[in-house]
Amino acid sequence: MFSKFERMMAWRYLRAKRKEGFISVITGFAFTGIALGVATLIIVMSVMNGFRSELLSRILGLNGHIGIVSAVGLPFNNYQEAVKEIAQIEHVNEVIPMVEKQLLVSSGKTAEGAMVRALSPQDMLKKPLLVNSIQGATLADFQGDVVLVGRRLAVKMGLVPGSSLTLISPNGKVTAFGTVPRMKTYKVIGTFEVGMYEYDANFVFMPLETAQKYFSLGDAVTQIDVSLDDESQLRSVRKAIEESVGATAYVFDWKQSNSAFFNAIDVERNVMFLILTLIILVAAFNIITGLIMLVKDKGRDIAVLRTMGATKGMIMRIFCMDGAFIGVVGTAIGVALGLLFCHNIERIRQFLQYISGRDLFSAEIYFLSQLPAKVDTTEVAFVVMISLLLSFLATLYPAYRAAKFDPVEALRYE
């Protein structure tokens, strides 16, 4: 496509002489701008992807794809039949009955609001994210009057394995003197840390039978969680469950429960993509500026080439190659920097945190304890395509000006 002569001239023009130092500086800015733009875009998109993916894996690791609660606010007394019927629906992987209540927990002089979730040890095994995060205890200990406490909640309340934790429920017994809150003390057998602040700082797990006794539910549960083997079948499975349980229950899915949160992530991700693309666009304008100045500075050279027989097409291709070289090399450097940063992003965060002495990724704000990054090859290819396209478009006008350069006028005023 390009002749050896054209490649040689393009390379010579990129190597600015001492008197052309300013042109070299502009070219350097263009290189740097494209590299930083591409790298930043890849890093931000990967972090947003990782953030969404990690949150989703933790949410679905502790909750089902579909939840079922009573439409009238009463517990499910015949949940065993419902569990059997739902388990026979196609694409349903696990059906877990549970008790979930919000109450107050206290230990010593410390009290905190918490969410108590109760399920059987057999169903606990179906939550590997939770089971693998248990510290100080085993699943064999999860029976009787015991509880598992989130690590951050345990730290706030000063709890360790063997400590006592008192559960206080406002739905207590009605007496002649009013309603007396229901209170009972349980032994803390261990802690868990799933890496999501909302669960680690607010959740308490206890055996299902123990919770049924504490809340006076008998053999009832308050919620049924359903996990699927294929998330793409969510809508059809939910419809089948709604038909199965009828109007006595309310069926919801994880997208409904977390819609506002994930919509905010998607909006932020799209806005950041548009904003950071402007960095590459600015760098493309630097290419235009640098090539226009190069064309002006090389006017005599262009005139000599034209008189020696170089066609307008050859001149245009020479300067197109200069701009394309800046775009390709800048993009390649940006991709390498971006991927390297994403691969070591948690180490970099910890290093910057150590240097600055500040918490750069607070779990209370971002919900996760580690900074995630998930590189999507399709998105990286899209970023590369945008960068190369903008770089190529930036070369067209300067190259066209060079091709239209009048050699007679250029030699007359030299």
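Start by selecting K184: with a relative accessible area of 36%, K184 is partly exposed (between the under 20% of buried and the over 50% of exposed, using a 1.4 Å probe and protein chains only). You're in a predicted model, where local features need pLDDT of at least 70 and side-chain atom pairs pLDDT 80 or more, while totals for chains, interfaces and linings use all residues. Residues are numbered from 1 along each chain as its sequence is written, and side-chain values use heavy atoms, leaving out hydrogens and water.

Next, pick K126 and D123, whose side chains meet in a salt bridge at 3.1 Å, N to O. D123 is buried at 8%, whereas K126 is partly exposed at 34%.

Then show β2 (residues 92-107) and β3 (residues 110-119): they run antiparallel, joined by nine bridges (DSSP must find at least two for strands to pair). Look for V99 opposite A118, then for G108 in the hairpin, with a positive phi near 65°.

Last stop: E100 and R117, a salt bridge of 2.7 Å, N to O. E100 sits in β2 and R117 in β3, 17 residues apart. R117 is buried at 4%; E100 is partly exposed at 22%.

Methods. Helix = DSSP H or I, 4+ residues; strand = E, 2+ residues; numbered from the N terminus. Salt bridge = Lys/Arg side-chain N within 4 Å of Asp/Glu carboxyl O.
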